[in-house]
Amino acid sequence: MATVDESPSAKRWLPLEANPDVMNQFLWGLGLHPDEAECCDVYGLDEELLEVVPKPVLAVLFLYPLTSQTEEERMQQENMRREPCDRVYFLKQTVGNACGTIGLLHAIGNITSEIKLTEGSFLDRFFKSTASMDPLERAAFLENDSEMEVAHSVAATSGDTEASDDVNTHFICFACVDGELFELDGRKSGPISHGASSPSTLLLDTAKVIQGMIQKNPHSLDFNVIAISKKSGGAF
């Protein structure tokens with residue numbers, strides 16, 4: 001299953017497949033050490049299936065279909081006044097079909113205190129360079145980064161399905177920051193809080209939010225949940 005967005009940007013990438021193996025190779029190649037964390041499939045949202053997901057879970061990626069209802073809700077959220085949340089790493093999406101990569105950057109950007117990135121790697125340099133930028137400045141920085149564009153292209157063409165932008169799904173990220181669960185969607189103007197959470201309840205809390213989103217689109221099968229889990233030990 002691939003991902004897409006409705007960005008008005010002239011620049012468009014091929015969509016990234018919702019495939020943990022593809023995402024792992026992508027992240028590991030950019031500087032996340034294989035012994036630090038990995039992407040894993042979440043096969044269901046009931047508690048028994050959530051129990052088998054490797055723990056601890058550091059972030060969750062969610063793929064969902066773009067429908068008239070989801071777009072209406074997005075516009076309603078855009079009209080709501082929200083206070084800036086500087087403690088959450090957030091960037092806007094200005095590149096078409098980049099939602100998978102944006103979701104992964106949102107995930108890694110909000111768990112840098114929990115993992116180690118290879119010094120001097122792309123991810124290490126990217127987050128250090130964009131730390132003091134606002135979401136639009138980060139978006140421009142990413143859009144103009146040829147190294148990421150090439151890495152994304154390689155990942156987008158390495159999945160099990162033929163790369164095509166003829167899809168209508170979108171990736172977002174959920175992360176726990178300072179005891180609060182945030183939804184991070186580059187198509188929205190900022191992070192959206194879903195209330196209190198903790199590292200130990202992140203997956204369960206996210207599952208509840210996701211279940212609510214799925215119930216609003218009961219006839220669609222275009223859903224996918226991927227957890228980013230910390231691996232025991234480490235290579236550093």
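This is a predicted model: local features need pLDDT of at least 70, side-chain atom pairs count only at pLDDT 80 or more; totals for chains, interfaces and linings use all residues.

Me: Why is helix H4 described as largely enclosed by the rest of the structure?

Reply: A residue is called buried under 20% relative accessible area, exposed over 50%, and partly exposed in between, using a 1.4 Å probe and protein chains only. Helix H4 covers residues 99-109, and its buried residues include Cys99, Leu104 and Gly109. The helix is largely enclosed because the buried residues number eleven of the eleven.

Me: Which residues touch the most other members of the largest nonpolar core?

Reply: A nonpolar core is a set of buried Ala, Val, Leu, Ile, Met, Phe, Trp, Tyr and Cys residues joined through side-chain atoms within 4.5 Å. The largest such core has 47 residues, and those that touch the most other members are Leu104 and Leu123.

Me: Which helix or strand gives the most to this core?

Reply: Leu104 is one of the buried residues of H4, and beyond four places in sequence Leu104 touches residues including Leu16, Phe26 and Ile228 (contact means heavy atoms within 4.5 Å). With six residues, the element that gives the most to this core is H4.

Me: Is Lys92 buried or exposed?

Reply: Lys92 sits in the loop between helix H3 (68-78) and H4, and beyond four places in sequence its contacts include Ile102, Pro135 and Ser189. A polar atom of the Lys92 side chain lies 3.2 Å from the backbone oxygen of Lys188. With a relative accessible area of 19%, Lys92 is buried.

Me: Which helix gives the most to the lining of the second largest cavity?

Reply: On a 1 Å grid over the protein atoms alone, a cavity is a set of points where a 1.4 Å probe fits but cannot get out, and lining residues have an atom within 4 Å of a point. Lys92 is among the residues that line the second largest cavity, together with others including Ile102, Ala139 and Glu143. With three residues, the helix that gives the most to this lining is H6 (residues 135-143).

Key:
Residues are numbered from 1 along each chain as its sequence is written. Side-chain values use heavy atoms; hydrogens and water are left out. Helices (H or I, at least four residues) and strands (E, at least two) are DSSP runs, numbered from the N terminus. A polar contact is a pair of N or O atoms within 3.5 Å; within protein, one must be able to donate a hydrogen and the other to accept it, and residues adjacent in sequence count only if both atoms are side-chain atoms. On a 1 Å grid over the protein atoms alone, a cavity is a set of points where a 1.4 Å probe fits but cannot get out, and a pocket is an open set with protein on both sides within 12 Å along at least five of seven lines; lining residues have an atom within 4 Å of a point.
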